[in-house]
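Visitor: Can you walk me through the aromatic pairs and the core in this one?
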Amino acid sequence: MESLKEKTARGLFWGGMNNGVQQLIGLLTGIILGRLLSPGDFGLVAMITIFSVVATELQSSGFKTALTNLEHPTANDYNSVFWFNIVVSVCIYAVLFFCAPLIADYYHRPELVALCRYAFLGFVVSSFGLAQSAWLFKNLRTKQQAKSGMTAIVVSNVVGIVMAWQGFAYWAIATQTIVYILTNTLMLWHYSPWRPTLSWDSGPVRRMFRFSCKIMASAILTQVNNNILNIILGRYYSAHQTGHYNQAYQWNYKASYTLQGMVQTVAQPVFVDLNDDRERQLRALRKLVRFTAFVSFPLLFGFSLVAKEFIVLAITDRWLISAGYLQILCLCGAFTPLCTLMSNLIISKGRSDIYMWCTLALGLCEIALMLSLTSWGVQPMVVAFTVLNIVWLLVWHAFVWRLTGYSLLMLLADILPFALTAAATMLITHYATCRISNLWLLLAARIAMAGILYLAVMKIAHAKILDDAIRYLSRR
């Protein structure tokens, strides 16, 4: 029988494969769409994204996490959640359908009425796959989840590119999202052996709701936190300026989520399995933190290093403003996967209340800070957003320390060697290559030099996490 360590390693491998492929395809698609569409097209979609993601969290209501936290969820538990999600999603869509004119009035963009009513269909479709997704997640079927995600990203991106090429403007972006959700849902049904029945028992939903409602509230707050600048910029600035920021946000998200999604695939199920053994759970947490830091800091610091060259070469210099925002956001993105790990540990302990209140506090700080800086311009707002989110890692850690004994010294010992090495590597690379004028040569030189330097330092320092990764990949 496969051990928990082997399941975790397999989960990280397939989680990494899934997110790596999705972000690589997303990279290529982003380049093509960035050339075919205008900043205004991206800006319009960014303005309404918050409503779609909040509606998605409302209809799911945190039950995927709640099911995962159950030691032995039954078929009746999954069935109860399945029908609840569908009923709630239809009701929410009906409300948003009639609220679309109010959303358009808020942004002073009448074309948003039709776009809202179309784009919001996505969360209705996603409600049909949540129970299947929860089953696969609970049982660490990461390979099946990876295949579902990779198939969906290929199909949806082809559709999005064809529509953009044919001149459908922002409709192409909205359709791409809907096709992704539909394809992924169909694939989840294909891989999950669980099937719903027509009889519905509301008991399991009621029992789980006390825990899941806090997860739902936290997830909504997280989405608001992530999209706060899109919301405020869409209100106080033009669609063009919002589009430039959103382009930077999307590229940072693609890079950060490559690792964040990989870790998130296994973190909560593993922590739940180890709840009865505090010492083993702490060791697992520290190993995941070290692995995350080992990959996250060079990846995101490196992306910040080449942001200007990448943006200009990939989507032309009309997006150059986005490059400056991207350089800043990548610094925040390096810490995001670590915050995700901390929050997953808190959830696995059944403390969804801590998760909710901590997320709420972050959101309130972000809103107050962003509103106080609206007259300063976009860049100061991006800097403030980045600094606050980096500092907030210490807040998450404070709660993890109380629950597990994971001290600040342990945290610093686990992440500082990788963070400092990555930062030094990028600085050396920047100054060593700054005289290269050809952008293609500069991009290639910086990627190659930074990668070789970082891995060389890790090898010389005998970083155990590097040896473990090489050993596992060689077996694969």
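Predicted model: local features only at pLDDT ≥ 70, side-chain atom pairs only at ≥ 80, totals over all residues.

Visitor: Why is the pair of Phe82 and Phe128 edge-to-face?

Guide: The planes of Phe82 and Phe128 stand at 75 degrees, so the pair is edge-to-face, with centres 6.4 Å apart.

Visitor: Where do Phe82 and Phe128 sit?

Guide: Phe82 is in helix H4 (residues 75-107), and Phe128 is in the loop between helix H6 (121-126) and helix H7 (130-138). Helices are DSSP runs of H or I, at least four residues, numbered from the N terminus.

Visitor: Is Phe82 buried or exposed?

Guide: Phe82 is buried, at 3% relative accessibility. Phe128 is partly exposed at 36%. Buried means under 20% relative accessible area, exposed over 50%, partly exposed in between (1.4 Å probe, protein chains only).

Visitor: Which residues cluster with them?

Guide: Tyr78, Phe82, Trp83, Phe128, Trp189 and Trp194 form one aromatic cluster.

Visitor: What lies over the face of Phe97?

Guide: Arg117 does, 4.2 Å from the ring centre. For a charge to sit over a ring, NZ of Lys or CZ of Arg must be within 6 Å of the ring centre and within 35 degrees of the ring normal. Phe97 is partly exposed, at 29% relative accessibility.

Visitor: Switching to the core. Which residues have the most contacts inside the largest one?

Guide: Leu112, Val289 and Phe297, in a nonpolar core of 134 residues. H4 gives the most to this core, with 13 residues. Such a core is a set of buried Ala, Val, Leu, Ile, Met, Phe, Trp, Tyr and Cys residues joined through side-chain atoms within 4.5 Å.

Visitor: What is Leu112 in contact with?

Guide: Leaving aside neighbours within four places in sequence, Leu112 is in contact with Leu44, Met47, Ile48, Ala104 and Tyr107. Contact means heavy atoms within 4.5 Å.

Visitor: And where is Thr386 found?

Guide: Thr386 is in helix H18 (residues 378-404). Thr386 is buried, at 3% relative accessibility.

Conventions. Residues numbered from 1 in each chain as written. Heavy atoms only, no water. Phe/Tyr/Trp six-rings, centres within 6.5 Å; stacked < 30°, edge-to-face > 60°. Helix = DSSP H or I, 4+ residues; strand = E, 2+ residues; numbered from the N terminus.
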